[in-house]
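I opened this notebook to record what I looked up in one structure, beginning with a strand and its surroundings and then turning to the aromatic rings.

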Amino acid sequence: MAKNNFSPIPSSLVTHAVTSSATSLTVPDQANYAEGYVRTNSVVETRDGTAPTTTKGRQWAAGDIIVLRSRDEVTGFQVIRENASNAATIDFEFWNKVPGMN
């Protein structure tokens, strides 16, 4: 069992549409951790608040899981589609705490 009430934030499962311009997440106030499932097509992301490009950032393929392990990563996350002509989406769920943390 998870420690210290690690639980998803109610109504925080969202689908984030990824475009060819950098976008950030709409983050619930209590969110300190998030998991995202790349549903369709490859994306490129950064976590430091800077905009990713097709040559700068981490690339993720459809089917990959993106884990954001702190409030800073959750709020600094930005993403673009790797290929501007292919639609991409990521399903995110936000959590109140990082697993295993007090």
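Helices (H or I, at least four residues) and strands (E, at least two) are DSSP runs, numbered from the N terminus. The model is predicted, so local features need pLDDT of at least 70 and side-chain atom pairs count only at pLDDT 80 or more, while totals for chains, interfaces and linings use all residues. Residues are numbered from 1 along each chain as its sequence is written, and side-chain values use heavy atoms, with hydrogens and water left out.

Entry on strand E4.
For its partners I counted strands as paired if DSSP finds at least two bridges between them. E4 and E5 run antiparallel and are joined by three bridges, and within this pairing arginine 58 of E5 is the bridge partner of glutamate 45. I then found that E4 also pairs with strand E7 (residues 78-81), again in the antiparallel sense, over four bridges, with glutamine 78 in E7 standing opposite threonine 46.

Entry on glycine 57.
I located glycine 57 in the loop between strand E4 (43-46) and strand E5 (58-60). Taking contact as heavy atoms within 4.5 Å, and leaving aside neighbours within four places in sequence, I found glycine 57 in contact with Val44, Glu45 and Thr46. The C-alpha atoms of glycine 57 and glutamate 45 are separated by 5.2 Å, although the two are 12 residues apart along the chain. Is glycine 57 buried, exposed or partly exposed? Glycine 57 counts as partly exposed because its relative accessible area is 47%.

Entry on the aromatic rings.
I paired rings of Phe, Tyr and Trp (its six-membered ring) if their centres lie within 6.5 Å, calling planes under 30 degrees apart stacked, over 60 edge-to-face and the rest tilted. By this rule I count two aromatic pairs. Phenylalanine 77 and phenylalanine 92 are edge-to-face, at 5.4 Å centre to centre with 70° between the planes. This pair links distant parts of the chain, 15 residues apart, with phenylalanine 77 in the loop between helix H1 (71-76) and E7 and phenylalanine 92 in strand E8 (residues 88-95). Phenylalanine 92 and phenylalanine 94 are stacked, at 6.2 Å centre to centre with 20° between the planes. I note that ring pairs link Phe77, Phe92 and Phe94 into a cluster.

Key
Buried < 20%, exposed > 50% of the residue type's maximum accessible area, 1.4 Å probe, protein only.
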